[in-house]
Amino acid sequence: VERPELFNAVLCDVPLLDMLRFPFIGAGASWIDEYGDPRIASDASFISKYSPYQNVLADGHYPKVFFNTATSDDRVGPAHARKMAAKMLGQGHDVLFYESAAGGHTGASDLNAEIEESAMKWVYLYQQLVR
């Protein structure tokens, strides 16, 4: 969201996007040492400057984003992708959203699912970048 004019496509796989609420979503509390603690005012002030969820704007011009997540992801749960896709749709932005019921943090649960997800991503990239 910092420089959307540089991109015609964004493939956002199992994303961590709400940096001010991550400690309260799934396993997020375990990342405080890495990202800071948004419950501390000075950390929240810094984090809020780069948090995608807090910085996507209704009047921003973004490429069509493809969000890809998995219901069973126990590291970065689907809430981040769901929230961001819903917010962007609510602001009038064009997004694609895919949530696999299985697969966990790495995505696809088996070879067929991996091929299917890869095909969706390649078609999306082709449509955004080539056509």
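In this predicted model, the structure holds 6 salt bridges. Side chains of opposite charge can pair when their charged atoms come close. One of these bridges joins Glu-5 to Arg-3, with the closest N and O atoms 2.5 Å apart. Glu-5 counts as exposed because its relative accessibility is 53%, and exposed is the word for values over 50%. Arg-3, at 47% relative accessibility, counts as partly exposed.

Another bridge is formed by the side chains of Asp-18 and Lys-83, which meet at 2.3 Å, N to O. This pair links distant parts of the chain, since Asp-18 lies in the loop between β1 (10-13) and α1 (32-35), whereas Lys-83 belongs to helix α4, and the two are 65 residues apart. Are these two partners buried or exposed, or something in between? Asp-18 has a relative accessibility of 2% and therefore counts as buried, while Lys-83, with a relative accessible area of 27%, is partly exposed.

The largest nonpolar core has 12 residues in all, among them Cys-12, Leu-17, Tyr-53, Phe-67, Met-84 and Met-88. Both β2 (65-70) and α4 (79-90) supply at least two residues of this core, and α4 gives the most to it, with 4 residues. Apart from this core lies another one, of 7 residues, including Met-19, Phe-22, Ile-32 and Val-76.

Which residues does Met-84 touch, leaving aside those up to four places away in sequence? They are Val-1, Leu-17, Pro-52, Tyr-53, Val-56 and Phe-67. Met-84 sits in helix α4 and counts as buried because its relative accessibility is 3%, where buried means under 20%. Although Met-84 and Tyr-53 are 31 residues apart in sequence, their C-alpha atoms are 6.0 Å apart in space.

Met-88, another residue of the largest core, touches Val-56, Tyr-62, Val-65, Phe-67, His-93 and Val-95, again not counting residues up to four places away in sequence.

Technical notes: Residues numbered from 1 in each chain as written. Predicted model: local features only at pLDDT ≥ 70, side-chain atom pairs only at ≥ 80, totals over all residues. Heavy atoms only, no water. Core = buried A, V, L, I, M, F, W, Y, C linked by side-chain atoms within 4.5 Å. Buried < 20%, exposed > 50% of the residue type's maximum accessible area, 1.4 Å probe, protein only. Contact = heavy atoms within 4.5 Å. Salt bridge = Lys/Arg side-chain N within 4 Å of Asp/Glu carboxyl O.
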